[in-house]
Structure formats: C-alpha cells, structure tokens
Amino acid sequence: MAVTRKKNEVIRERAKRTMSLSVGKMTGALLGSLNMVDAADELDMDHIYVPFTDFLWGFTFIGPFSYFLWRYRTIILRIRQFLWKHGLIKPMDCDYEAMCATLCLEQTQAVHYYARTPEGSSLGNIAGFFFANFAYVDNDCNYQVADLFAVDIDLDTKRFVKAKLDDINVNAKETLILLWFITSL
C-alpha cells in the first residue's frame with residue numbers, strides 16, 4: 001500500500017502545472033503566462049496575434065454562417081415546441097435498456113469493463129461493468145460512496161440486463177441516471 005501511495009504522489013507531482021520556459025534576460029528567472037510566483041493584476045487575453053486577413057476571413061465566412069446555422073436550428077426547435085404544445089407531435093419514448101448499454105459499451109464507461117460470461121453459459125453473452133467506490137448523490141442531496149456499482153449488459157442484444165448498487169437492485173432508468181452522473185464527473 002505504501003508503494004502505491006508513493007507512486008500516486010509521484011503522478012500527482014508530475015501532473016502539477018509547470019512554469020513557462022521563457023527566461024528573463026537579466027535575472028534568469030522564469031517569466032511568462034505560467035509564472036507561479038507573480039500574480040497577474042488582470043486577465044491578459046490581448047497577446048494572441050491574428051493577422052488581418054485571417055480576421056477578415058473569419059468575420060466574413062465563419063461568423064455569418066455560424067449565426068445562420070444557430071438561427072435555423074432555433075427556428076426548427078420553436079416549430080417543434082409549437083407542434084408538441086398543440087398535440088400534433090409527441091416525443092419518442094426513451095429505451096432505457098438500450099441507452100444504458102450504449103453508455104457502457106460505446107462511451108467512456110467502457111473502461112470499467114470487468115468480465116464476460118464464459119462461452120455457452122446459461123445466462124447468455126453477458127458483460128459486467130464494475131464501478132468500485134462509486135460516488136453518487138442520494139435523495140436527500142447528500143454525497144454517498146457505494147462500495148460497488150455493477151451493471152450487466154447483454155452483448156448479443158446490446159441491452160441492459162441488471163444492475164446493483166451495493167446490495168440494492170437498480171432498474172434501467174435509475175442505472176441510466178447513475179451512469180450519466182458518473183460521466184459528468
């Protein structure tokens with residue numbers, strides 16, 4: 001355990017912000033935007049030089065088309081809201097089982113893959129995703145840490161099978177909320 005802590009400290013030390021490589025001419029001190037000794041009085045964002053031709057190209061072609069794209073999608077959204085409000089369209093139903101499988105198999109949660117059932121198992125082709133020391137917020141808005149959050153996904157149908165948060169069975173909708181929560185951290 002002591003070796004692991006020592007390695008973690010080394011990794012944390014390496015991950016810290018480093019100083020700028022610009023050296024002062026007279027003193028030899030490190031200067032620049034990443035100087036960790038001197039604090040800036042205000043934010044300085046005017047040091048990025050953009051040639052006039054690049055500015056003109058962006059102002060002429062990128063700006064207006066970005067605005068038109070934003071305006072077009074906003075109008076489409078308003079039309080959909082109007083149609084939904086008057087009952088002419090309805091939103092698609094969410095398939096929670098498929099969404100859980102997508103998050104586990106195709107998104108960042110894939111790093112939590114642990115095991116798969118053996119070939120020819122009576123359970124089917126199931127993959128297990130285990131989240132150790134799973135942090136979550138309970139119904140009283142208190143921070144909690146579960147020892148294990150286990151999610152089982154059927155690899156043939158690409159659908160949610162079951163999930164457990166410690167010893168509590170969790171349905172697909174609750175699992176989806178927990179997976180999205182851990183994705184946002």
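Reader: Does Asp95 count as buried, partly exposed or exposed, and what is its relative accessibility?

Author: Asp95 counts as partly exposed, at 32% relative accessibility. Buried means under 20% relative accessible area, exposed means over 50%, and partly exposed lies in between (1.4 Å probe, protein chains only). Please keep in mind that this is a predicted model, where local features need pLDDT of at least 70 and side-chain atom pairs count only at pLDDT 80 or more, while totals for chains, interfaces and linings use all residues. Residues are numbered from 1 along each chain as its sequence is written, and side-chain values use heavy atoms, with hydrogens and water left out.

Reader: Thanks! Which side chain meets Asp95 in a salt bridge?

Author: A salt bridge is a side-chain nitrogen of Lys or Arg within 4 Å of a carboxyl oxygen of Asp or Glu. Here the side chain of Asp95 meets that of Arg159, at 2.7 Å from N to O. Asp95 sits in the loop between H2 and H3 and Arg159 in strand E6, so this pair ties together parts that are 64 residues apart in sequence. Arg159 is partly exposed, with a relative accessible area of 29%.

Reader: How many salt bridges does the structure hold?

Author: The structure holds 3 salt bridges. Arg159 also meets Glu97, at 3.6 Å from N to O. That pair links distant parts of the chain, with Arg159 in strand E6 and Glu97 in helix H3, 62 residues apart. Lys162 and Asp152 meet as well, at 3.9 Å from N to O. Lys162 lies in strand E6 and Asp152 in strand E5, so the pair ties together parts that are 10 residues apart in sequence. Through shared partners, salt bridges join Asp95, Glu97 and Arg159 into one network.

Reader: Is Asp152 buried or exposed, and which residues is Asp152 in contact with?

Author: Asp152 counts as buried, at 16% relative accessibility, whereas Lys162 is partly exposed at 47%. Contact means heavy atoms within 4.5 Å. Leaving aside neighbours within four places in sequence, Asp152 is in contact with Ile126, Ala127, Gly128, Phe160, Val161 and Lys162.

Reader: How should I read the strands, and how many bridges join E4 to E5?

Author: Helices (H or I, at least four residues) and strands (E, at least two) are DSSP runs, numbered from the N terminus. Two strands pair if DSSP finds at least two bridges between them. In this model, 11 bridges join E4 to E5, which run antiparallel, and Phe130 stands opposite Ala150 in E5. Strand E3 (residues 113-116) is joined to E4 (residues 126-137) by 3 bridges, again antiparallel. The hairpin of E4 and E5 has 5 residues between the strands, and Cys141 there takes a positive phi near 60 degrees.

Reader: Which residues of helix H3 are buried, and why do they line one face?

Author: The buried residues of H3 (residues 96-106) are Cys100, Ala101, Leu103 and Cys104. Seen down the axis of H3, they fall within an arc of 160 degrees, so they line one face of the helix. That arc is taken from the directions from the helix axis to the C-beta atoms. The buried residues of H3 pack against E4, E5, strand E6 and helix H4.

Reader: Last one: which residues make the nonpolar surface patch?

Author: Trp57, Phe61, Ile62, Phe65, Tyr67, Phe68 and Trp70 make a patch of about 840 Å², and Trp70 lies in helix H2 (residues 52-85). Patches are made of residues with over 30% relative accessible area and no salt bridge; like charges are joined within 9 Å, nonpolar side chains (Val, Leu, Ile, Met, Phe, Trp, Tyr) within 5 Å. Accessible areas come from the Shrake-Rupley method with a 1.4 Å probe, and for residues only the protein chains shown count as cover.
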